[in-house]
Structure formats: structure tokens, C-alpha cells
Amino acid sequence: MEVTIKDLIYLYCVTNSLPHHLHTKDFGIGVYFIYHKGLYAVVSKVTESEFNEENLKNNLTNLEWIKTKVGIHERIIEEVMRDICVVPFKFATLFNNEDNLKAMFEEHAEELKTKLKHLEGKEEWGVKIYCDIEKLKENLIQEDEALLKISKEISASSPGKAFFSKKKKEELLNIAVNKKINEYGQYSFDRLREQSLKTRINKLLPKEVTERENDMILNSAFLVYKDKISDFISVVDILKAQYKGRGLFFDCTGPWPPYNFVTTGD
Amino acid sequence: MDNVITKSKDVTLLEVLDRVLDKGAVVSGDIVISVADVDLIYLGLKVLVSSVETMERLRGAPIEGPMQEPT
């Protein structure tokens with residue numbers, strides 16, 4: 001099938017069998033499949049006016065455009081994922097024509113087949129942990145020995161001396177907060193890692209991006225056997241209950257296409 | 001087996017962006033957006049350009065890197 005010069009080929013994901021479930025018309029954008037070397041690429045045509053190198057850079061500064069296109073990318077891959085295993089590709093992986101996409105398959109087919117084999121029967125789940133720092137501080141002030149001691153000193157001190165003790169208390173409190181965040185994050189991560197085959201820790205995102213009041217303290221992804229998902233979720237629930245009073249909040253999301261487990265070396 | 005939990009309806013744009021921009025398989029396609037482009041998108045999500053701390057936090061990690069000071 002000849003692709004006109006004004007279209008590019010957008011690659012969503014790769015599978016090793018033809019999706020039964022996908023109704024290409026449902027998305028209104030003409031998803032179709034390119035077969036080569038035992039693999040199917042799930043693709044659609046997109047216009048150069050949106051996705052050529054120059055226009056793509058411009059559009060990447062348009063948040064509404066990103067929301068729309070990222071949403072399409074995700075929905076298509078999730079639809080395919082409903083009944084077969086997929087290797088999801090990064091947003092905006094584009095080819096000038098079918099020959100170039102097939103050339104990619106020539107180079108990567110065996111690697112992709114290996115990944116698909118490894119991913120069979122498994123799902124990606126995400127866990128993000130947020131911390132209400134003020135609530136954690138309230139806890140620590142009540143129970144940390146050094147903090148309790150210095151609080152007593154402050155109560156018994158003259159105003160001049162209390163000033164320096166309060167400074168010291170603030171320093172100790174910050175140290176204790178950081179220590180506890182590390183401890184709780186590590187403990188939680190370890191409990192979840194025990195329920196999973198592979199894990200990945202990703203960069204923290206600031207409040208400006210998360211739009212949450214609380215600080216993100218862990219951003220992690222887990223590859224879990226599908227038939228063990230209930231165990232994984234149970235552990236998340238236990239951790240939620242265990243740390244709620246300490247100001248920790250857990251966001252568990254999934255199942256996701258295995259974005260975190262298809263990079264080179266996985 | 002049945003899914004014990006369906007995907008939360010509260011899944012935000014953040015969750016999707018966190019995956020499709022930064023993760024997923026990467027090949028030498030004719031056009032693939034770069035890491036710099038991804039950071040630009042995050043900047044567009046209300047991150048103040050002037051905040052060096054924010055940029056450093058974007059690259060931080062709690063388990064493997066140094067802990068951040070609480071703000």
C-alpha cells in the first residue's frame with residue numbers, strides 16, 4: 001500500500017498476533033496493521049502538518065494538543081492490549097513510509113519478539129506515594145526522642161535560649177522527616193517488589209506537575225503476573241492503612257501497557 | 001482471572017504523560033521526540049522556568065539519589 005508523501009506513519013505498538021478486539025473505525029483515525037517478520041505494527045497515518053519535525057516541536061508547546069494526542073496514543077494501545085500482549089512505543093514514534101518501518105523490523109524483530117515473550121501473562125502497575133509533610137512532622141514531634149527532649153528544653157528555657165533551641169529543633173525535625181520518608185518509601189517499595197517480577201523507580205515529579213498538595217516521595221512501576229494482581233493490590237491496601245496516620249498517600253494505577261519494561265536492557 | 005481492580009477513573013493526565021512521553025519502546029524512527037522535548041512539556045505543565053530546584057527535582061529519585069529537603 002502506497003503512502004502519499006504528505007502522510008507519516010505513526011507507530012503505537014507492536015504485537016505478534018493480529019488483534020481481534022480492535023475496531024479500527026472506533027477511533028475515527030484509521031488504525032491499521034503492517035505485518036513483517038512475524039510481527040504486526042499497529043499504526044495510523046498522520047499528517048505532516050501536525051507531526052513533521054518542525055511542526056511537532058511547535059505542537060509540543062501546545063498543552064491541549066498534547067492532551068488530545070497522548071490520549072489517543074494511550075487508548076489505542078489499551079484497546080489492543082485487552083486481548084493480546086503488546087510492546088507499546090513512545091509517543092510520536094514516526095516513519096516516513098512503510099519501507100522505513102519494515103527496515104526497523106529488520107533490525108529489531110528478534111528483540112521485540114523476545115520482549116513480547118517475556119511480557120506474556122504480566123501487567124504493569126504504577127505506585128506513586130505522596131507525603132503530607134506537616135502531618136508527618138506532627139507525628140514525629142510526638143514520638144522522636146531527640147525532638148521530645150528539645151521541646152522540653154524549649155518549654156523550660158528563657159526566651160533568649162529558647163530561640164536557639166527552636167532553631168535546633170527545626171534542624172532535627174527536617175533530618176527526621178527526610179529519614180522517615182526514606183524509610184517509609186524504601187519499606188513500601190520493598191514490600192511491593194516482593195510481589196512483582198520487575199520494578200522500576202522513576203523520577204519524582206514536583207507539585208507543579210502533579211497538582212497535588214502533597215510532595216511525591218516515590219514514583220515506581222511494577223511488572224506483576226496477571227494471576228497475582230490480587231496479592232499485589234492487597235499489599236498496597238495494607239501499606240495504605242499502615243501509613244495513613246503518618247501522612248502518606250498511595251496512588252495505585254493499572255493495568256498499564258508495559259511502558260516501563262520495554263526499554264533496552266529490560 | 002477477573003481483574004480485582006479496574007483502572008481508577010481518577011487516573012490523571014499525569015499518569016499517562018508519565019508513561020507515554022518518557023517510557024515505551026524507542027527505536028530509530030524517522031522522527032522521535034527527544035528528552036529535551038519531554039522536559040519542555042513538563043515545563044509547560046506549570047513548572048516555573050526560573051526554578052532550578054524544580055528542574056533538579058524533575059531528575060531526582062527518592063531511593064537511589066539524595067533526599068530532597070522538604071519545602
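A residue counts as buried when its relative accessible area is under 20%. By that cut-off A:A92, with a relative accessible area of 0%, is buried. Keep this residue in mind, as the tour of this predicted model returns to it.

**Colour by confidence**

Start with chain A coloured by pLDDT. The mean for the chain is 90, and 94% of its residues reach 70 or more. Select helix 9 (residues 229-243) of chain A, where confidence is highest at a mean of 97, then helix 8 (residues 207-210) of chain A, where confidence is lowest at 79. Where pLDDT is low, the predicted coordinates should not be read in detail.

**The largest nonpolar core**

Next, select A:Y10, A:F51, A:L56, A:V70, A:F91, A:A92 and A:L94. Of the 31 residues in the largest nonpolar core, these touch the most other members. At least two residues of this core are supplied by each of strand 1 (7-15), strand 3 (39-47), helix 3 (63-81) and strand 4 (87-95) of chain A, and likewise by helix 1 (13-20) of chain B. Helix 3 of chain A gives the largest share of the core, eight residues. In soluble globular proteins, nonpolar side chains tend to be buried together.

A second, separate core has 30 residues, including A:V127, A:I129, A:L173 and A:I229.

**Backbone exceptions**

Return to A:A92, which lies in strand 4 of chain A. Its phi is near 65 degrees, a positive value in a residue other than glycine. Now move to A:K37, in the loop between strand 2 (32-36) and strand 3 of chain A. A:K37 is not a glycine either, yet has a positive phi of about 50 degrees. Is A:K37 buried or partly exposed? With a relative accessible area of 37%, A:K37 is partly exposed.

Then select A:G254 and A:P255. The peptide bond from A:G254 to A:P255 is cis, with omega near -5 degrees. A:P255 is found in strand 8 (residues 248-256) of chain A. Most residues other than glycine have a negative phi, and most peptide bonds are trans.

**Helix 6 of chain A**

Select residues 145-156 of chain A. This is helix 6, with 12 residues, reaching 17 Å from its first C-alpha to its last, close to the 16 Å expected. Show the side chains of A:L147, A:I150, A:S151 and A:I154, which are buried. They lie on the same side of helix 6 of chain A because they cover an arc of only 110 degrees around the axis. The buried residues of this helix pack against helix 5 (133-143) and helix 7 (159-193) of chain A. Turn to the other side of helix 6 of chain A to find A:E145, A:K149, A:K152 and A:A156, which are exposed.

Which residue caps the N-terminal end of helix 6 of chain A? It is A:D144, with a side-chain oxygen 3.2 Å from the backbone nitrogen of A:A146.

**A serine in helix 7**

Finish at A:S188, in helix 7 of chain A. Its relative accessibility is 0%, so A:S188 counts as buried. A polar atom of the A:S188 side chain lies 2.8 Å from the backbone oxygen of A:Y184. Not counting residues up to four places away in sequence, A:S188 touches A:I129, A:L239, A:Y243 and A:F250. Of these, A:I129 has already been named as a member of the second core.

Technical notes:
Residues numbered from 1 in each chain as written. Chains lettered and ligands numbered in written order. Predicted model: local features only at pLDDT ≥ 70, side-chain atom pairs only at ≥ 80, totals over all residues. Heavy atoms only, no water. pLDDT = per-residue confidence, 0-100. Helix = DSSP H or I, 4+ residues; strand = E, 2+ residues; numbered from the N terminus. Expected span 1.5 Å × (residues − 1). Buried < 20%, exposed > 50% of the residue type's maximum accessible area, 1.4 Å probe, protein only. Arc of directions from axis to C-beta. Contact = heavy atoms within 4.5 Å. Polar contact = N/O pair within 3.5 Å; in protein donor to acceptor, adjacent residues only side chain to side chain. Core = buried A, V, L, I, M, F, W, Y, C linked by side-chain atoms within 4.5 Å.
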